[in-house]
Amino acid sequence: LKNSTIENNKNRGLMLTNSNSIIDSVRFLNQNTTDWPANQNEAKAIYVQGGQASVKNSYFENNSTGIYIGPYNSIEALPVIEGNNFVKNGDPIYLGELSYPSFSGNKATDNSYNAIIFASAIAKNMTLKTDLPYLIKDVRNVQENVTLTLDPGVIMAFKDNWSGLKISGTLKAVGSKGQKIIFKPYYDSVL
């Protein structure tokens, strides 16, 4: 899908189920209404369920969630998310369980959170590269025998005093003089 606009859909603008699709230079606008109960807002611009889709160079504005990533049955989601711009959305990018995407060159402004939201435990080895800040809204566990690696320059933000990382496995966070790894409250002025 390339050079297109997807707008004003109820629940989901685009759903990719165990897909290897390439989404390039697409505008996702106003996916923010749902017919689900109020506490289960299913409005998402893109819902990636498993697979290895690529979403790049696209623009997301006024969506409840820009990109929601989760598994399909027990198939992991391994998408590539690069060069996208998120403006005035709820959550720009939301990571559910079994989600291990790669990120690069994304931008976020005027969203509810200008960050990549972690919403599940880290159940397999994962490396987070420099991109948008990574936001933990509650306590997320790095499970036993699992390593979470943070590359130099990564910002790991925490929503409030009740959020954090529980390390049952291993955390590798080795910054450099020019690229420190930052752990901080989300609302600190550094973001």
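Modeller: Strands here are DSSP runs of E with at least two residues, and helices are runs of H or I with at least four residues, both numbered from the N terminus. The model is predicted, so local features need pLDDT of at least 70, side-chain atom pairs count only at pLDDT 80 or more, and totals for chains, interfaces and linings use all residues. Residues are numbered from 1 along each chain as its sequence is written, and side-chain values use heavy atoms, without hydrogens and water.

Colleague: Where is the place of Ser-58?

Modeller: Ser-58 lies in the loop between strand 6 and strand 7 (59-61).

Colleague: Why does Ser-58 count as buried?

Modeller: Buried means under 20% relative accessible area, exposed over 50%, and partly exposed in between (1.4 Å probe, protein chains only). Ser-58 has 3% relative accessibility and therefore counts as buried. Beyond residues up to four places away in sequence, Ser-58 touches several others, including Ile-23, Phe-28 and Asn-84; contact means heavy atoms within 4.5 Å.

Colleague: What makes strand 3 (22-24) and strand 12 (102-104) edge strands?

Modeller: Two strands pair if DSSP finds at least two bridges between them. Four strands form an open sheet in the order 3-6-9-12, with parallel pairing. Strand 3 and strand 12 each pair on one side only. Three bridges join strand 3 to strand 6 (residues 54-56), where Lys-56 is the bridge partner of Asp-24.

Colleague: Why is strand 11 (residues 91-95) called largely enclosed?

Modeller: Four of its five residues are buried, so strand 11 is largely enclosed by the rest of the structure. Four bridges join strand 8 (residues 65-70) to strand 11, and three join strand 11 to strand 14 (residues 116-118).
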